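Work through the exercises below with the sequence and the model open. Each task sentence is followed by a solution in steps.

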Amino acid sequence: MFLKRQLPFVITLITSLILIISYFSPHPTISPLRSIFQDWYMIIVAFTMFVGILSLVKVSIKKIKREKGIEVLYPVITLVSLIVMAFFGFLKGGLDNPGFDFMFEYIMVPLQATMFSLLAFYIASASFRAFRAKSTMATILLITAFIVMLGRVPIGEWITGDLLHFTESSFLSRFHIPNVTEWIMNVINMAGQRAILIGAALGVMGTSIKIMLGIERSHLGGE
Amino acid sequence: MSFWEKVNDLDRRIIYLIIGLTVFIPLLFNVTMESKPTQPVENIYDKINSLEEDDVVLVSFDYAASSLPELQPMANAVIDHLFRNDIKVVGMALWPVGVGLGTLVMEKKAAKYDKEYGKDYVNLGYKSGGLVVIDSMGGSVKKTFPTDKDGVALKDLPIMKHVNKLDDFSLAVTLSAGDPGLRHWVMVASDKFGLPVAGGCTAVSAPQFFAYYNSGQLLGLMGGLRGAAEYENLIDVPGTASAGMSAQTVAHLMIIIFIIIGNISMFIIKRKKEKEKRK
């Protein structure tokens with residue numbers, strides 16, 4: 001019980017107190033401790049990568065055993081890719097090894113970029129089916145989205161700039177699409193974003209204090 | 001089934017095909033559209049122009065290949081501008097894949113401007129730990145990154161001669177696709193160590209960073225492909241962002257048209273159903 005509960009709590013409390021004090025005080029006793037904790041943190045985070053790899057291998061092997069037909073191919077490809085990339089990464093030259101470099105530039109980068117690019121298709125399909133003016137709020141959201149989407153591309157400048165000459169009049173320039181977009185981003189969006197940021201920061205502070213005082217113990221595997 | 005009911009149930013493959021064509025055709029014919037630079041992007045350009053030769057700028061490649069279409073053009077434009085002005089560049093990454101992507105950009109631009117590795121630029125590589133890595137660099141860059149990505153000790157590299165702490169850099173530019181990234185650079189490098197921080201991020205995450213820009217914590221901001229195209233326009237080196245803006249413009253228009261058609265079909269079907277009910 002001591003090793004599982006009390007000891008982690010004491011470590012958490014002492015570590016967090018040292019880190020908080022060191023943030024505000026450059027005292028020579030505290031600063032080296034902070035530096036040591038930073039090194040430990042970076043080493044521990046690096047080790048989580050091994051945990052991730054182990055987990056990936058374990059899940060893939062389970063899938064190979066469980067799946068049938070073409071579904072078996074996916075975990076096999078995952079494992080083979082992992083081993084081959086790691087093998088070339090450990091060869092002479094490391095990241096600059098021609099084999100690793102080739103796979104990185106011509107396989108990994110295009111694959112990752114392609115996966116993300118597929119989002120454009122899903123967004124287009126989803127916007128057609130789901131983005132409907134079913135209520136007043138949905139209509140406001142729809143109009144705002146139209147303005148921001150147009151304001152973020154050159155055609156927005158063209159419509160109210162070159163076509164309607166809004167930018168030539170000081171009053172009408174307020175309705176120039178990029179200017180309206182900027183106003184939406186800097187006023188309406190800003191208010192919402194700041195509220196979210198401040199709320200999240202207060203939440204982080206509250207949770208941190210709860211962890212330090214041992215009120216929040218879920219990270220120890222408790223309630 | 002009426003016309004509008006057919007439209008309402010439009011096969012998603014047709015939508016995919018239309019979007020595919022609207023993106024592909026402008027790229028195929030290399031249609032470029034000029035993007036007028038906005039203030040947040042101009043601020044980065046002006047800051048780099050105000051730097052003197054031999055100033056050292058830190059560029060952090062905090063993204064993976066999934067964000068490459070948006071962030072790599074920014075990296076290309078910023079590194080091009082820095083090398084053109086004879087400013088020294090120290091690259092690093094808080095994302096593992098960022099090392100390789102940063103290397104691609106720096107090597108390409110170094111060849112263009114005849115820059116020498118170790119003297120004019122260096123790639124420190126990847127270090128795990130996110131925010132803590134930045135904080136640790138505030139204490140000592142050489143302790144946080146004892147070697148560059150190839151294992152050469154930083155103390156042996158001429159570019160690192162006068163760089164010991166984070167505030168020895170004149171500017172930090174981070175190209176970020178999420179966490180760890182721009183938010184952490186603002187929190188630690190800018191707020192704690194007073195280093196001017198400029199950033200580039202994906203279009204989807206740009207709205208959250210405008211709060212940092214407006215409060216002055218962020219010197220400048222490039223948001224998405226548009227931000228990259230604006231920077232390319234400023235340095236007068238058209239790249240993939242300027243070319244991509246035409247595709248993005250048409251794609252945005254198509255999405256707007258899809259939404260309008262979807263809403264028209266919804267209203268017509270709704271009215272038709274109400275009429276049928278009344279009968």
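Predicted model: local features only at pLDDT ≥ 70, side-chain atom pairs only at ≥ 80, totals over all residues.

**Exercise 1. Annotated segments of chain B**

Determine how much of residues 250-269 of chain B is helix and how far apart the end C-alpha atoms are.

Solution. Step 1: residues 250-269 of chain B are 100% helix and 0% strand, and their end C-alpha atoms lie 28 Å apart. Helices here are DSSP runs of H or I with at least four residues, strands are runs of E with at least two, and both are numbered from the N terminus.

Step 1: UniProt, in an unreviewed entry, lists residues 14-33, 193-213 and 250-269 of chain B under "transmembrane region". UniProt positions follow the numbering used here, feature names are shortened, and annotations may be inferred rather than shown by experiment.

Residues are numbered from 1 along each chain as its sequence is written, while chains are lettered from A and ligands numbered from 1 in the order in which they are written.

**Exercise 2. The sheet of chain B**

State the order of the six strands in the open sheet of chain B.

Solution. Step 1: the order is S3-S2-S1-S4-S5-S6, with parallel pairing; two strands pair if DSSP finds at least two bridges between them.

Step 1: strand S3 (121-126) and strand S6 (220-223) of chain B are the edge strands, each with a single partner, so one side of each has no neighbour in the sheet. From one strand to the next the twist averages 15 degrees.

Step 2: strand S5 (residues 197-201) of chain B pairs with S6(B) in the parallel sense over four bridges. B:Ala198 is placed opposite B:Gly220 of S6(B).

Step 3: helix H3 (residues 39-50) of chain B packs on the sheet and touches strand S4 (171-176), S5 and S6 of chain B, at about 125 degrees to the direction of S6(B). Helix H8 (residues 182-190) of chain B lies across strand S1 (56-62), S4 and S5 of chain B, at about 175 degrees to S5(B). Axes are lines fitted to C-alpha atoms, for helices over the stretch in contact, and angles between N-to-C directions run from 0 to 180 degrees.

**Exercise 3. Backbone exceptions**

Which residues of chain B does a cis peptide bond join?

Solution. Step 1: the bond joins B:Asp179 and B:Pro180, with omega about -5 degrees. B:Pro180 sits in the loop between S4 and H8 of chain B.

Step 1: B:Asp114 has a positive phi, near 55 degrees, and is not glycine. B:Asp114 belongs to the loop between helix H5 (96-113) and S3 of chain B.

Step 2: most residues other than glycine have a negative phi, and most peptide bonds are trans.

**Exercise 4. Confidence**

Which element of chain A has the lowest mean confidence?

Solution. Step 1: H6(A) has the lowest mean, 78, and helix H3 (residues 73-90) of chain A the highest, 92. The score is pLDDT, the predictor's confidence in each residue, from 0 to 100.

Step 1: the average pLDDT is 86 in chain A and 91 in chain B.

Step 2: for the complex the predictor gives an ipTM of 0.79 and a pTM of 0.86.

Terms used:
Contact = placed C-beta atoms within 7 Å.
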